[in-house]
Structure formats: structure tokens, C-alpha cells
Amino acid sequence: MVDLVWLIPALPLAGFVLLVLAGRRMGEPFAGWLATAMVAASFAVSVIVFLGLRNEPGHVFTQTLFEWIPAGDFRVDVGIYLDALSMTMVLFVTGVAALIHLYSIGYMHGDPRFPKFFLYLNLFVFSMLVLVLGDNLVLTFLGWEGVGACSYFLISFWFEDEANASAGKKAFITNRVGDWGFMIGIFATFFAFGSVTYARFLPLAPGLAATTATFIVLMLFVGAIGKSAQIPLYIWLPDAMAGPTPVSALIHAATMVTAGVYVLCRVNPLIASAYDWVPSVIAWVGVGTALFAATIATSQYDIKKVLAYSTISQIGYMFLAVGVGAYWAAIFHMVTHAFFKALLFLGAGSFIHGMHGEQDMRWMGALRKLMPVTSVTFIIGWLAIAGVPPFSGFWSKDEILTYALAHNPGLYAVGLVAALLTAYYMSRQVFMVLYGDARWSASSEAEAEAKARVASAGAGEAEVSAADGQPAGTVTEDAASRFPEGFRPHESPWTMTVPLVVLAVLAAIGGVLNLPFPDSLHVLEHWLEPVFVLGQPAELTYSDLSIVGLLVVSTVVALAGIGIAAVVFLKGRIDARRVEPAVLQNAWYVDSSIAAFMGGPGYELADGTATADRLVVDGAVNGIGRATRWTAARARYLQSGFVRAYALMVAVGAVLLGAWVLTKVAAW
């Protein structure tokens, strides 16, 4: 059964090819159903392969499909490396992606480029599967670039809007910085081991010099922070919300941003061979990103941007787990995050769909009665990410924090504060969207409340800023001018609500994959153990009673965050302006500072560099060319074609040579 593994990426690829050839003829909805069927079939094959892999020695299976690059000592084949890690990734990537495809059939209804959208989705899933199944770093990089290209296509899918096109370009360019590090890491790996195939170089990693291992890991880490949106290369992800919401769910939950964590987990023997400070760097960057992004999420009004900063923060927890050696905890949180983040994004898309495209939470409210399925499932996703037991996010996040405490109490403290903020900003989102007043209503009473709400939540008295995704217009704008006459939010069609229900179930019970005790319930940890045996994984020495105490602390922190949000946004006992300062609404002014630099000194620096390149580098190269042409033009007169001229030159040369010899003889 495991021999069928090649079908897993082949099916989405076949869907892509069919949609390229006949997508327009199929039209809506058949193009969507075809793409969905291909990814669903890929998931079905993944389950069959998983059952077969359990019987393989060491849970490892390799398959070479064909020779790709034979160049001297450098040899790269197109092959598959299937082990517990890649199998886990494949299962949740195909499963969650299939649900997102189904949801997209309803969400993209009526779009004039409906077939093209699904064409890109199939290619996106294929690229991610190549990334996780490739048996060498070059093939991984091929998938790595594939997801980058697909993200560009999909983020700027509605490219008629300049903001969407710019967001796509921003994601593409920012990721090139990280890709530079990844490529250097690949070259260094080949020079160090003579191979880039995982099965060949990873077993040799424990004998590698610490300096070399450190260099390789740091280069791959640069690539990872770019793809997984960590400090300082996180700036592309919030703007990536410009794409259709299913794309956001796919990028955040099942494909692109998890790639960096996967690569670091894959090369865990190299991390173990590096200097001791390298894992600490990874851990502090991760927990720092988790806290930094969480602070920004507390003051955003765009429902998707809150979730975008939440993703950056949650991926930071996964980096923290890698840094402290708890690799399976990183994968555990990646899996549960795929469930509840896909649920939250698709739920946000359902709200946007029902709210006539409105994304600003200040114009929502009281949606729980009009959109019951979306609301109930969204609440489950909220409780999961907030860390409320027994939902999935509670178990995975607490495991990371427990290992962080064993490694460094400072990491634990920062991670705990980020957890408090997570519970707070997600509760704020739920209270603003599902509870309170119907701010979308055009009734006079609700109108007045809406104005007061926007005025109190906004930054100014006369105008709400249009920058950074905030709603354009003034506080005098009313719901009647913002929504169609007789507008009333509505529940989404079944193609959108069924994926929400499935994901809600997974988000609720996903924690059973790795419960803290007894040891027999560490299912995911034991499944992944062979992958991390060379990476010197962390071990816990806490007693069961101590772990129970830490679980209680995490629960109290989560409930405290929810309680604070309830006091502010449900009870209204604290003015929201006190907890939503402008510096957080503008994301610590990092993005605007970068834009100002690139439009001023950065532009002049780039222009000066281009001028120096044109005058110095190009000038030198072109000067050598011109000098060669001038010399050749003069020398060609010596080639007259007449024998007598050549005889004369030989005679003159002989006379001169004879004269030189006579002068030397006379001197001797």
C-alpha cells in the first residue's frame, strides 16, 4: 500500500493540468468539484499509505521516481522520503486542504475567474506536498519556491485592486530574502557532506564540526523565518490577507507558513551538532515573535488581520518548541493549529460572506442568532486557540510552555504573557462579532450606537483613518450608506458550513493526539520519536503533579484573558480607547517605517548602487570589450593575405633576432 505514495502529489498535479487544459470549458461549479475531488482523493490515498507505513521498518519508506540532475559528484534524483514526520504533514495538509477546496466552491461562487482560482489551489497543494515529501534539499526547495509562487498568484488574485497587487509583490519579494539563506544552506550542505539527500547526510550530522553545522543551520533558519513569517521577515503575512479568504486559510493552516517549522524539524540532527547558542536563538526569536505579534493583534479591527497576527504568534510558539528541543511539541501544535486556524479563517470568511463583504469588526455584532452554524463553530475555534481545556490548542500550547520552563524560565514567562494576550484578543474578536449590538442595522437606535461605537473605538473625533486596513469614511457614515437597503446578514450555504463543522470537531478533540499522561497517551510523540532520535530531543523530569500544576496555571491565564476582554468589550466597563493605543493599531509603526525608508534613503541607496553598477562594474566590463575591439581592429591590418608581406615580416624578425643575439655574444 505504501507504494502508492507517488499518487499523493500526482493527484493535485493532475487536477492542475486538467484545469489548465479544460478549466474554462468546465466553468462553475464543475472546475471546483474537480479540484476538490483531486485533493480529497489525495487525502484518501494518504490514509492508505499511512496504514502501510506503520508496517515499514522504522516507519521509513523511500522511492526514487527518476534521475533529475546528474552533474559530476552532484547528483539529485526526484525521490520520495516518507517517514513519520512527512506522513504527519501529508495527512493534515491534504485533509485540511480538501475541506478548504470544498468551502471555496461556495465562497467563490460567481467569480469570473472561478476555474483559475481552483487551478492555483491545486498547484499550491501539489507544491506543498513536493516540499514535505522530497527526499533531498533541492527537491524541498523546488516545492518551497512553488508555494511562494502560488502565494503570489493567489494573494494578488483580485489584482484589479492596487492594494491586492502590492500585497502579492510584497509577499514575493520578502520571501526572496529568506530564500537566499535557504540556497546558501543547500550549497553548504553539499560541500560539507557531498550530498543533499536526507537519508545520506542526516545520519552523518553528529560527526560534523560545530562551526560548519552552525553555519548551515543559521542559513536554513533565515529561510525558515522568511517562509514562516517570523521577526524580522513577518511583514508580508498581514498584507497577504488581500487574497480571497480560502487562500488565507490555506496559507496559514495547511501550507506555506508551516514550511519553515518543517525544515527545522527535518534537520534536527544538524541543530544538535551546532553550537549551544543556536537553539537558544531559535527559541528567543520564536517566543519574541509570539509576544510581539500578539500585542498588535489586540488592537486590529479587520477580522482577518487579527487572525493573521495570531498566526505569526502561534508559529512563534512552534519555533520556541524547536529551540528547546521539543520537536514533537512543535508538530503537535502545528497540527492543532491547522484545525483551529483553518476553522477561524473559514469562519471569518463566512461572516464576511454574510456581511456583504464587510471585514471591519466595528460594523458587525449580534451575528450569533443570524449565523448560528458559523457562530458555534467559530466559538469552538476561539476556545481552542485561547487555550481553554479540553480543546486542542490547550494541550499543544501547554506542552510547549512546559518544555520552555524546563529549558529557561524566561522563555516560559514570555510565552505565558503571549498566551494571556492570545486569549484576550481572540475573545475581543468574538465579543465584537457575535455579541453586543447589531451595528450593521440601519435602525435609528442602532445607528446612533454604531456611530458612538466607531467614534469610541477609532483614533480621532472627525474621521476614521483609512490607513492600515481601517474603514474609510467618517463617523457620520451610517449603516444605510454602507450596506444595501434591507440588508440582513445570512448564514452561508452548505458547501461552506460543512467544512466548518468538520474542522470544529477536529479543533475540539485534536488534543487526544498527545495528552500529557499517562505515557501511553503520548501517541504523536511516540510516532515521531524515530525522526528526532539524532537531534538530542528534550526530556521532561517533572512529576505528574507538577504537570497538573502547570496545566492549572495555563487554564487560569486563558480564563484571565477572556475575563479582561469581557469586561472591556462585553460589559463595556472600560473605555476601549485605553487598551487600543495608536501604536498597536499601526503595528508598532514597523511597516510604515520600512515604507518610509524604502521611499527615501533606501530608494536613494538603491539608486546609487544601480549607478555604481552601471558606471563601475558595467564600465569595466564594457571598457575591456571596447579595448579588445580597438586592438583587434588595428591588428587585422597585419593579416593582409599577401605571402610577400608575411615573408618580409619574417625577414625583419630574423634580422632583429640575429642582431639581439650578436649583442649578447659581444657582451659575453
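# Notebook: loops, kinks and salt bridges

**Entry 1. Gln 536.** I started with Gln 536, which is exposed at a relative accessible area of 61%. My terms for cover are these: buried is under 20% relative accessible area, exposed is over 50%, and partly exposed lies in between, with a 1.4 Å probe and protein chains only. Gln 536 sits in the loop between helix H22 (523-532) and H23. Its phi is near 50°, a positive value in a residue other than glycine.

**Entry 2. Ground rules.** This is a predicted model, where local features need pLDDT of at least 70 and side-chain atom pairs count only at pLDDT 80 or more, while totals for chains, interfaces and linings use all residues. Residues are numbered from 1 along each chain as its sequence is written, and side-chain values use heavy atoms, leaving out hydrogens and water.

**Entry 3. Confidence.** I checked pLDDT, the predictor's confidence in each residue on a scale from 0 to 100. The protein has a mean of 90, and 94% of its residues reach 70 or more. Helix H13 (residues 277-297) has the highest confidence, at 97, and helix H19 (residues 444-457) the lowest, at a mean of 54. Over residues 458-476 pLDDT stays under 50, and the model has 37 contacts there beyond four places in sequence. I count a contact when heavy atoms are within 4.5 Å.

**Entry 4. Overall build.** I find 27 helices and two strands. Both are DSSP runs numbered from the N terminus: helices are H or I with at least four residues, strands are E with at least two. The C-alpha atoms fill a box of roughly 115 × 60 × 55 Å along the principal axes. Of the 668 residues, 55% count as buried. Among contacts with a separation of 6 or more, 80% join residues 24 or more positions apart.

**Entry 5. Helix H1.** I then found a kink of about 60° in H1, centred on Val 20. The bend at a residue is the angle between axes fitted to the seven residues ending there and the seven starting there. Buried residues of H1 include Pro 9, Pro 12, Gly 15 and Phe 16. The buried residues pack against helix H2 (30-53), helix H3 (84-107) and helix H4 (114-133). Just after H1, Gly 27 takes a positive phi of about 65°. Glu 28 and Pro 29 are joined by a cis peptide bond, with omega about 5°. Pro 29 is in the loop between H1 and H2.

**Entry 6. The H8 to H9 loop.** I looked at Ala 229, in the loop between H8 and H9. Its phi is near 55°, positive in a residue other than glycine. Ala 229 is buried, at 0% relative accessible area. A cis peptide bond joins Ile 231 and Pro 232, again with omega about 5°. Pro 232 is in the loop between helix H8 (210-227) and H9.

**Entry 7. Salt bridges.** My rule asks for a side-chain nitrogen of Lys or Arg within 4 Å of a carboxyl oxygen of Asp or Glu. The count comes to eleven.

- Arg 113 pairs with Glu 160, their closest N and O atoms 2.9 Å apart. Arg 113 is in the loop between H3 and H4, and Glu 160 is in the loop between helix H5 (137-155) and helix H6 (162-193), 47 residues apart. Glu 160 is exposed, at 56%.
- Asp 239 meets Lys 170 at 2.8 Å, N to O. Asp 239 lies in helix H9 (residues 236-239) and Lys 170 in helix H6, so the pair ties together parts 69 residues apart in sequence. Asp 239 is partly exposed, at 24%.
- Asp 179 meets Arg 176 at 2.4 Å, N to O. Both lie in helix H6, three residues apart, about one turn of the helix. Asp 179 is buried at 3% relative accessibility, while Arg 176 is partly exposed at 24%.

**Entry 8. Val 579.** Where is Val 579? I found Val 579 in the loop between helix H23 (544-570) and helix H24 (582-585). Val 579 is partly exposed, at 27% relative accessibility. Not counting residues up to four places away in sequence, Val 579 touches Ser 299, Tyr 424, Val 568 and Phe 569. I also checked Gly 316, 263 residues from Val 579 along the chain: their C-alpha atoms are separated by 24 Å.
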